[in-house]
Amino acid sequence: MRVIVWLVEGTWPACVDAVRTHAPNASEVVLLHVTGPDVPGVAHGAYAGLLGRGHPERDPGNRLEALGGSSAAELLTAAAERLGRPCTREERTGRVEREVVAAAEGADLLVLARDGDRSRLGPHSLGPAVRFAVDHAPCPVLLVWPEPAPDLGTIPPPPPHHH
């Protein structure tokens, strides 16, 4: 069984714990971290637009890319240690939701965490990237709560009955 575990800052421990609980020990586990191009791209653009292109070594986008890479490596290392069994670490860069779906091709399970409003049950507990991954994953999905799930009383009442 090949299991892809999408790691996001703040919610990754719940995903790793779900794999420890639900995936057979013999599973091939891939810890996946995806970095979006947004922040370095904005910094590159701001530097080029405001400060000119005369000194590319001063471009803050390069520093942000390096910081993002080291942060991703630290997160992957922490997740591998928490998992406590052999795994592969994979880093990708691009449109986050599309990279997650692409990484799940050929997998037997994709594990990810809710990233929206986690104070109540319902569709708003999924942010746009997670919703996209859930809707487009080419394999079964295990969607976990990063903390204990809210009570059933948080489900909104049904709409009034119309005649």
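Author: Here is a short chat about those topics.

Author: This is a predicted model, where local features need pLDDT of at least 70, side-chain atom pairs count only at pLDDT 80 or more, and totals for chains, interfaces and linings use all residues. Residues are numbered from 1 along each chain as its sequence is written, and side-chain values use heavy atoms, with hydrogens and water left out.

Reader: OK, how many bridges join β4 to β5?

Author: Four, and strands β4 (residues 109–113) and β5 (residues 141–144) run parallel. Strands here are DSSP E runs of at least two residues, helices H or I runs of at least four, numbered from the N terminus; two strands pair if DSSP finds at least two bridges between them.

Reader: Which residue is the bridge partner of Leu112 in β5?

Author: Leu143.

Reader: Switching topic: is Arg114 buried or exposed?

Author: Buried (under 20% relative accessible area, 1.4 Å probe, protein chains only). Arg114 is in the loop between β4 and α5.

Reader: What does the Arg114 side chain make a polar contact with?

Author: The side chain of Ser125, at 2.4 Å. A polar contact is a pair of N or O atoms within 3.5 Å; within protein, one must be able to donate a hydrogen and the other to accept it, and residues adjacent in sequence count only if both atoms are side-chain atoms.

Reader: And where's Arg85?

Author: In the loop between α3 (60–83) and β3 (88–93). Arg85 is buried, with a relative accessible area of 13%, and its side chain reaches the backbone oxygen of Ala23 at 3.2 Å.

How values were computed
Buried < 20%, exposed > 50% of the residue type's maximum accessible area, 1.4 Å probe, protein only. Lys, Arg positive; Asp, Glu negative; His and termini not counted. Salt bridge = Lys/Arg side-chain N within 4 Å of Asp/Glu carboxyl O.
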